[in-house]
Amino acid sequence: MGRVASGVGEHQEAEVEAGTLLVASPTLTDPNFARSVVFVIDHRPAGTLGVVLNRPSEVSVADVLPGWDPHTTRPNAVFVGGPVEQRTALCLAALRTGEDPASTGGVVGVRGPLALVDLDGDPDDLAPRVRGLRVFAGYSGWDRGQLHGEIGRGDWYVVPALPDDVLAPAGYDLWGGVLRRQGVPLALLATHVSEPRRN
């Protein structure tokens, strides 16, 4: 297993795979990803695709996908999934306990109870089988080897995801919360304030 290069000592990283999180290091200043938490939807040798979980937009789901709005987890905003193809909508769902993504119509399993939703399907058919939905505009993508390079230089920490991460409320500090549950040394990074002059 690889190691994350960081200033907080050696930390054994999780393998990047579908269903893991990429947590931005405090030194990652790209405005698309500063203090972001990315849920990995697909990872293969050709590249990686995910969505940023903690960037709600000002756009309501009711404005773009009115049929899905009543079933969306609050806030009922479209979240900015990343800088790629922002006119494309993706939807992630957390299925209810006992529901199997492989036998649930209108979804493709990602990991555990988390699944990608076919937004062309009937939301009323799917709603009883999920405990939460979130809609994303655009996604985050990395070409072959690109993400590995960014992890190697310490831009990202790779950690396990919990189903509730995908449904975290807008006011919750998901970035800090995910870091805190990792234990030391990563938990210490959660105290890093966003303005460097205040550190």
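**Close-up 1. Salt bridge between Arg 153 and Asp 155 in the predicted model.** Arg 153 is exposed, at a relative accessible area of 59%. Its side chain meets that of Asp 155 in a salt bridge, with 2.7 Å from N to O. Asp 155, by contrast, is buried, at a relative accessible area of 8%. Side chains of opposite charge can pair when their charged atoms come close.

**Close-up 2. Salt bridge between Arg 44 and Asp 42.** The N to O distance in this salt bridge is 2.9 Å.

**Close-up 3. Salt bridge between Glu 99 and Arg 129.** The two side chains meet at 2.9 Å, N to O. This pair links distant parts of the chain, 30 residues apart. Glu 99 sits in the loop between strand S8 (84-95) and strand S9 (107-111), while Arg 129 belongs to the loop between helix H2 (123-126) and S11. Glu 99 is partly exposed, with a relative accessible area of 25%. Arg 129 is partly exposed too, with a value of 27%. A search of the whole structure finds 6 salt bridges, among them the pair shown here.

**Close-up 4. Aromatic pair of Phe 33 and Trp 156.** The structure holds 4 aromatic pairs. In the pair shown, the ring centres of Phe 33 and Trp 156 are 5.5 Å apart. Their planes stand at 75°, so the pair is edge-to-face, a class that requires an angle over 60 degrees. The two residues come from distant parts of the chain, 123 residues apart. Phe 33 lies in the loop between strand S3 (20-24) and strand S4 (37-44), and Trp 156 in strand S12 (residues 156-160). Phe 33 is buried, with a relative accessible area of 10%. Trp 156 is also buried, with a relative accessible area of 0%.

**Close-up 5. Aromatic pair of Trp 142 and Trp 156.** The ring centres of these two residues lie 5.9 Å apart, and their planes are at 90°, so this pair is edge-to-face. Trp 142 is part of strand S11 (residues 130-143) and Trp 156 of strand S12, so the pair ties together parts that are 14 residues apart in sequence. Both Trp 142 and Trp 156 are buried. With Phe 33, they form one aromatic cluster.

Terms used. Residues numbered from 1 in each chain as written. Predicted model: local features only at pLDDT ≥ 70, side-chain atom pairs only at ≥ 80, totals over all residues. Heavy atoms only, no water. Phe/Tyr/Trp six-rings, centres within 6.5 Å; stacked < 30°, edge-to-face > 60°. Helix = DSSP H or I, 4+ residues; strand = E, 2+ residues; numbered from the N terminus. Buried < 20%, exposed > 50% of the residue type's maximum accessible area, 1.4 Å probe, protein only. Salt bridge = Lys/Arg side-chain N within 4 Å of Asp/Glu carboxyl O.
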